[in-house]
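Here are a few exercises to work through with the model on your screen. Try each task yourself before you read its solution.

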Amino acid sequence: MTDARQAIESEIKSNDVVLFMKGTPQFPMCGFSGQVVQILGYLGVPYKGVNVLDDESIRQGIKEYSSWPTIPQLYVKGEFVGGCDITREMFQAGELQQLFVDNGIAVKQTA
Amino acid sequence: MPMDAREIETMIKAALPDAVVEIKDLAGDGDHYAATVTSGAFKGKSRVQQHQMVYAALQGRMGGVLHALALTTLASET
């Protein structure tokens, strides 16, 4: 297994919520990553931000790992949830909040 | 070389013949679009699977020449 894949799997397995993104939660470097950061911030969900711009092998590896061509990518309890569009759609439908609650992850606001 | 809206629509329809495709050019630079795709093929599929079907139709351009495609997919009743 490649280093990138190992690094990805260890992040996903050791954190309940992981957001592979461009930039950091404090400084998102892409509008789409920033949208997901805002949603997670609004819900007050603790998560691990992984800046794919720091490591090209992670940036490509994550796309192969989930067979999803773009960044950001949200993972909850090891499961790929979606990119920016899907996360936003789920948030607007209340499904994202439900997903967190179902996985025992505290959510501050239920929108 | 960015893509134009017609090319995106043609590729999606080639893979999803019954698809109704609406495309908005978000930035006028040929690589930031919003698209709504409605197809019977999405029925029973999760959102992730539906989006992956559209990305597959775009044959690897997504995330490459096509930097951003804000995608909404709807399963039609047909």
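Two strands pair if DSSP finds at least two bridges between them, and helices (H or I, at least four residues) and strands (E, at least two) are DSSP runs, numbered from the N terminus. You're looking at a predicted model, where local features need pLDDT of at least 70, side-chain atom pairs count only at pLDDT 80 or more, and totals for chains, interfaces and linings use all residues. Residues are numbered from 1 along each chain as its sequence is written, chains are lettered from A in the order in which they are written, and side-chain values use heavy atoms, with hydrogens and water left out.

**Exercise 1.** Work out in which sense β2 and β3 of chain B pair.

Solution. Start with β2(B), residues 32–39: its pairing with β3(B) is parallel, over eight bridges. Next, find B:Ser39, which sits opposite B:Ala75 of β3(B). Now zoom out: the open sheet has three strands in the order β1-β2-β3 (chain B), with mixed pairing. β1 (20–25) and β3 of chain B each have a single partner strand, so one side of each lacks a neighbour in the sheet.

**Exercise 2.** Find which residues of chain B supply 44% of the area it buries against chain A.

Solution. First get the total: the two chains bury about 1,200 Å² between them (accessible area, 1.4 Å probe, lost on being put together, summed over both). Then pick out B:Arg47, B:Val48 and B:Tyr55, which supply that 44%, more than any other three residues. Finally, check B:Arg47 again: it makes a salt bridge with A:Glu89, closest N and O atoms 2.7 Å apart (the rule wants a side-chain nitrogen of Lys or Arg within 4 Å of a carboxyl oxygen of Asp or Glu).
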